[in-house]
Amino acid sequence: PTLSAGGNHTCAVTASAGLKCWGSNGSGKLGDNTLTDRKAAVQVSGLTANVVAVGAGNIHTCALLSTGEARCWGGNGEGQLGTGDNLGSKIPQTVSTLGTGALALAVGRDHSCAIATGGVVKCWGVNDHGQLGDGTTNSSSAPLTVSLPRAAVAIACGSSHSCALLDDASISCWGANDAGQLGDGAAGHSTNV
C-alpha cells in the first residue's frame, strides 16, 4: 500500500516515490529523527525516492523500496524493526537477513511480515499470539521464515494475526483467533500455519 494509518500516525508515498508521515511521533515512528508530534507531513529521513509500499504499526513503521530492501523505524522493544536487536530508531533501519529480496510488505500492530524471493514469507516482532507463524509465542528481532505449503503472492497483517494468499489462490492464516479471524472454523490461537 502507498498509504497506511497506524497507532495515531499516518504515512504516504509521494508522487516522487518519497515517504512522508504525520501525527504522533512517540518512539520516533515518523522517521524524521525527532520525537516531535507533527500536524503536517514531514519527510522520512533518507527516503526521498524508491519507496513502493509503507506500513504503519502501533509504535513502528516500515517501508519497502524498489530495490527489494525493507526498512523500519520507531519502537523496537519486542523486535518490531527486524534489525536483530531491540534498539529503537528515529530513522529508517534495514531489516536484517532480507537483503534486497523483499517483494511485498505488511505491518500489524507490533509485528511485520514480508514476502521474499521465491514466495517465502518472513515475519518479525511481537509473537504473543503466534502471529510470526514459527510455531512459538516467542517474539523475534530478526525475520523468521513461516512454513507455508506453497509460495505466497500477497501478505496481510492484522493486529495480532497474519495471512498469506498463496499461488494456488488458497489462503493461510496464523496468530490470534479469538474472534475467528483465521477463518479456519476453529477456536483458539494458532502458532502454526
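View 1. S162 counts as buried because its relative accessibility is 0%, where buried means under 20% relative accessible area, exposed over 50% and partly exposed in between (1.4 Å probe, protein chains only). The residue belongs to strand β14, which covers residues 161-166; strands (E, at least two residues) and helices (H or I, at least four) are DSSP runs numbered from the N terminus. The side chains of S162 and H111 make a polar contact of 2.8 Å. Such a contact is a pair of N or O atoms within 3.5 Å; within protein, one must be able to donate a hydrogen and the other to accept it, and residues adjacent in sequence count only if both atoms are side-chain atoms. Leaving aside residues up to four places away in sequence, S162 touches H111, C113, Q131, A156, C157, S172, C173 and W174, contact meaning heavy atoms within 4.5 Å.

The model is predicted: local features need pLDDT of at least 70, side-chain atom pairs count only at pLDDT 80 or more, and totals for chains, interfaces and linings use all residues. Residues are numbered from 1 along each chain as its sequence is written, and side-chain values use heavy atoms, with hydrogens and water left out.

**View 2. Salt bridge between D168 and R150.** The side chains of D168 and R150 meet in a salt bridge at 3.5 Å, N to O, the term denoting a side-chain nitrogen of Lys or Arg within 4 Å of a carboxyl oxygen of Asp or Glu. This pair links distant parts of the chain, 18 residues apart: D168 lies in the loop between β14 and β15, and R150 in the loop between β12 (140-145) and β13 (152-157). D168 is partly exposed, at 41% relative accessibility, and R150 is also partly exposed, at 41%. Salt bridges with shared partners join R150, D167 and D168 into one network.

View 3. R71 pairs with E69 in a salt bridge whose closest N and O atoms are 3.0 Å apart. R71 is partly exposed, at 21% relative accessible area, whereas E69 is buried, at 14%. The side chains of R109 and D110 form a salt bridge at 3.3 Å, N to O. R109 is partly exposed, at 33% relative accessibility, and D110 is buried, at 13%.

**View 4. Strand β15 and its residue I171.** I171 is in strand β15, residues 171-175. I171 counts as exposed because its relative accessibility is 60%.
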